[in-house]
Structure formats: C-alpha cells, structure tokens
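Here are my notes on this model, jotted down while going through it. Have the viewer open as you read.

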Amino acid sequence: MRLPRYLLHRPSGYTFRLVVPKHLRRQFDGRGEIRRSLRTHDPRLALAWSGALLLAYHAAIARVEASGMVWRKQDDDDLAQALGLTGGRKPKEWKVVHAASGMSMEGPDTDDRAADMAAAKEAARFLAELYGGAGPLANQPPPSALPVPPPPGPPPGVHNSRTDSAVDFWLKAERPNFTTPARLKTYHKLKKTGETFAAYVKPGTRLYTLGRADCAGFYNHLMAGGLARKTAQSVQSYLKRFFTWAASSGYYPDDKANPAAGHIRLTRADKASRRGTGFQAFKAEQLRMMFAPEAFAILPTLKDRWLAVLALYTGARSNELARLELVDVGPDEHEGVPVLDINELAEDKAVKAEASIRLVPIHPDLLALGLLDRVEARKAAGESRLFPGNLLTQNGPAASSQKAFLSALKAWGIAPRGKGRMGLHSFRATVIQTMTRKGVAQGWRERFVGHESSEGPSTLDTDHAATYGAGGSALRATAAACLPALDWAAEGVIDIDGLRPLLAIGAAPETARSGRRKATQKR
C-alpha cells in the first residue's frame, strides 16, 4: 500500500509528518515540520489517525495565518490529547469500521470502554469546534465541499517581499530627503537600523509575517549588547518610520498597528540618569576669563574668534552662524534693523527645524566690534560667505572651530561640572539662561534663539504686534526685549577696544591650514 506523504513508516511504528509553510515557521517556534508518533503498526489505523491530524492541522494553520497567533509545542500535545493520541495508558487496539454512513473507530470491549468512549466524544467535540460542526470522524461531505483554508502568502494587496529587499526600497525612497551633510547623518542612522533589523530577523523572512514580538526581540537584542535605553528609543523611532512607510507602500498590512511602536519608554530612573549630561552654561567669571584679549588670542583663526563672539550675543548654533552668507548680514529691507538672516535658501544650507528660520537682531556691540566692516571686506575680496570653509563636512562647517574652542577651554582651565559638557553650544545655554534671569518673556526668548513656540501661534505675527514693541514692528520689539539682557560690555565680559583688533581682517588666518599642508611644511 502506497503511503501518503504525510505518513511515514518507521521500525517503531507509523509517524505523522507535516511540513510547515515557510512564511509561518516563525509562528510555529521556528519549526520546519511537525512530527507525531501514531503509536501503531496497523496501516489502516495509521491512515485514519493521520487523516484526522491532517485535517486538524490544516485548520490550525489557517487560524494562525488569519490571526497571527503563535502555535507552541504544547498546542500539539493539546490537539493530540483531544484526538486520543496521548495519555498515560498503554495504547489499545482499535478497529476501523467502514460503513455506508461513514468511517468510525471502535475500541476493545474492556473495562476502560467507558473512558475510551468519553475520550472519543471529547475528540469529536474538539474537532467539531475546530471545523465548525464536522470532525474528521463524523460523516464528511465530498472533498470538493470541504472548506478550503486560505492559500499561504501575503494578504491581498501586500507585496510578498523579503525584509532585506523592503529595507532597500525604503532607503531608496528616503535618500532624496537627506541632501545636506548634516541630514546625511540621520540617513546613515536609518540605514544602519534597517540593515541591522533585517539581519536580526534573517534577510529572507517575509516582511508581512513580522509582528510586535519580532520588534521587541530586536530591541532586547540591542540592549543586551550594551545599547543604552535612550539610544534604543531612537532606534525605535527609526524602525517605526520604516514600518509606517512599508504599510503605506504595500509592503506591510495597513490594517495592523505599527509593530515597532510603543516598546521602549524612558522611566524616571532613565531620565534621572541623563540629567546634567547636556551643555552647561558659562558663568560670568568664566566668560570674563575667556574673552580677556590676551586669553582670547589663543583661538587660532578669525573664524574661530568670530563664531565665539557671535554665539555669545545671539545664542545661535555654531553651524547656523558658519553657514551665513554675506547677504544674510545687514539691515532688514523692511524695517532697517541690522539682522542675521538664518535661513535655508541655498542647497548647502540646513536648519534644525522650521522654527530655526528667523531674523536675529544684531547687538550694537557686534557692530562696534566690526561685524559690518568684515562683511564689506569679504565683499571687496569677491567672497560670498561670511566665513570660509567646507560646508559639506559631515559635522557641519563649524566642526573645526568647535575643536579649536575645546582646545582653548583646556588652556583656559575651564571644564564642566559632573557629567555635563562645554563647547560652543554652551553659549546657547548661556544666552537663554541670562535672558531668563533678567526677565525676558519666554515667547521672546523662543523667537530670538529659534525654539519651537510653546504658546501656540505667536501674536507677533498678527495685528496685535503693536502691543509688544515700538511702532508695531515685531523685529524692533524682539530687539528691545532681548538685546538689553545681553549687554556683555556693560557687565565687563567684553572689552570692545581690546577685542576689535583681534577680530580685524589680517589679525589671524581666516581658517586653519589642512593637516596635509602642515605636514608638507614640516617636511
């Protein structure tokens, strides 16, 4: 007698074997097949039991496919128990009865007949529930009338894509959104997250089969490898972005919740451990120390010196200042107020957020130090930007000045307390804290340094602007509210007469020489 493919004959007896569809193996504990000993050497009995198991497992696979549930080995035992294939008793000899009304099984006439009948009834109840009313031991309709489980594969409208292929398509779709070097850093983080996730779940895994358990396992794997929870939370945002794209592009079912979201939330302990790790503001005595003319001369280039002075008076980010063009510095065409126009009107410009695009009133001390004289001298030299240097470096055009300022801090003996940091960005914290201490309202501070507004739409952009400043001018009102709080010359921090010669054209090189040129000179 030829055996079906799901029935194997071994010296120990017959064994049921069913191959699990590849796209569902993760839901079946990673198993490629299901095996169950039928505990008999009778081929007719083996055929009956294997047929019952085959129908039961087909229904189970269809249920897993539809609901995404996980099928454990314990579920195999429960199913076999319901069919009467397991138990502590010695297997009995069963008799298969074929009749016009259908196929049935009869146990031997023993004292355990009542228990056997109870087990049989339990099996029939289980299978009736599984199949919706017709178990494999009852009268079966013709095979053509049996319910057909849905075919294996993705849901309608979803690509049957490998995870690594979907990641590649996602990265190609994301790449045009990251054109500047600063933004490329974010793109590389997206790329690393996507590729690492694909490697973790195995590249050939079909994306539509993945769920929350896979994403949770990925995060746990990263943190077990030493990744901090804060960094893992960033990875979570990148992976969430991937699944959002996949759902909208047909690579993942759009009727499911994003499986990458909501796994990692920072606890109070996590937040407490990070307090004090940001950039610390400079104290007044530290500012007086670093801007004393003899100490300030340590900064090697004019770019390094001007970025430090501009940051002190504006609280702007160093890369925002380093990207300024000459047309961005001067009187505003509408109000005549001298401003720094921080924008992204060129391909090599970038800002952190939409609120970062702003007009910053220029403090009178900066005019006294020769800022506009520098603009005119650069124009006369045929230059278009306020500072020379490569705008396409990965860390931005201010990277060299940031390093030079860190070296100067060491020479001045200025260091942060605890776990904090100090650098050019510390001037931003200094400006914000100084304005806060001197009573500048939060809305003005946010407008001046380019923070997102915490008060909703600003009244400065409406007809109510006259309430806030001279002549109804929002720009003049911003200057009137913020600049007096930053009068560093009056506080003895800035010696205008002593610093002006150090900031003049020719007082120092414009930018540091490259390492290659230095090495050439040494040779």
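1. Ground rules. This is a predicted model, so local features need pLDDT of at least 70 and side-chain atom pairs count only at pLDDT 80 or more, while totals for chains, interfaces and linings use all residues. Residues are numbered from 1 along each chain as its sequence is written, and side-chain values use heavy atoms, with hydrogens and water left out.

2. Salt bridges overall. The count comes to 15 salt bridges, taking a salt bridge as a side-chain nitrogen of Lys or Arg within 4 Å of a carboxyl oxygen of Asp or Glu. Arg 17 and Glu 33 make one of them, at 2.8 Å from N to O. Arg 17 sits in strand β2 and Glu 33 in strand β3, so this pair ties together parts 16 residues apart in sequence. Helices (H or I, at least four residues) and strands (E, at least two) are DSSP runs, numbered from the N terminus.

3. The loop between β2 and β3. Have a look at Arg 26, whose side chain meets that of Asp 214 in a salt bridge (3.2 Å, N to O). The two are 188 residues apart, with Asp 214 in helix α6 and Arg 26 in the loop between β2 and β3. Asp 214 is buried at 10% relative accessible area, whereas Arg 26 is partly exposed at 35%. Buried here means under 20% relative accessible area, exposed over 50%, and partly exposed in between (1.4 Å probe, protein chains only).

4. Asp 29. Asp 29 pairs with Arg 72 in a salt bridge, the closest N and O atoms being 2.5 Å apart. Here the partners are 43 residues apart: Asp 29 is in the loop between β2 and β3, Arg 72 in the loop between α1 (43-67) and α2 (73-83). Asp 29 also has a positive phi, about 60°, although it is not a glycine. Most residues other than glycine have a negative phi.

5. Lys 202. What is phi at Lys 202? It is near 80°, a positive value in a residue other than glycine. Lys 202 lies in the loop between α5 (181-201) and α6 (212-224) and is exposed, with a relative accessible area of 58%.

6. Helix α14 (residues 371-380). Its buried residues are Leu 371, Arg 374, Val 375 and Arg 378. They cover an arc of only 100° around the axis, which puts them on the same side of α14; the arc is that of the directions from the helix axis to the C-beta atoms. Their cover includes α11, β6, β7 and α13. Gly 382 follows α14, with a positive phi near 80°.

7. Helix α17 (residues 442-449). Trp 444, Arg 445, Glu 446, Phe 448 and Val 449 are buried. Among the elements covering them are α11, β8, α16 and α18. Gly 450 follows α17, and its phi is positive, near 85°.

8. Cavities. Residues lining the largest cavity include Glu 320, Arg 323, Asp 341 and Lys 349.

Definitions and conventions: Contact means heavy atoms within 4.5 Å. On a 1 Å grid over the protein atoms alone, a cavity is a set of points where a 1.4 Å probe fits but cannot get out, and a pocket is an open set with protein on both sides within 12 Å along at least five of seven lines; lining residues have an atom within 4 Å of a point.
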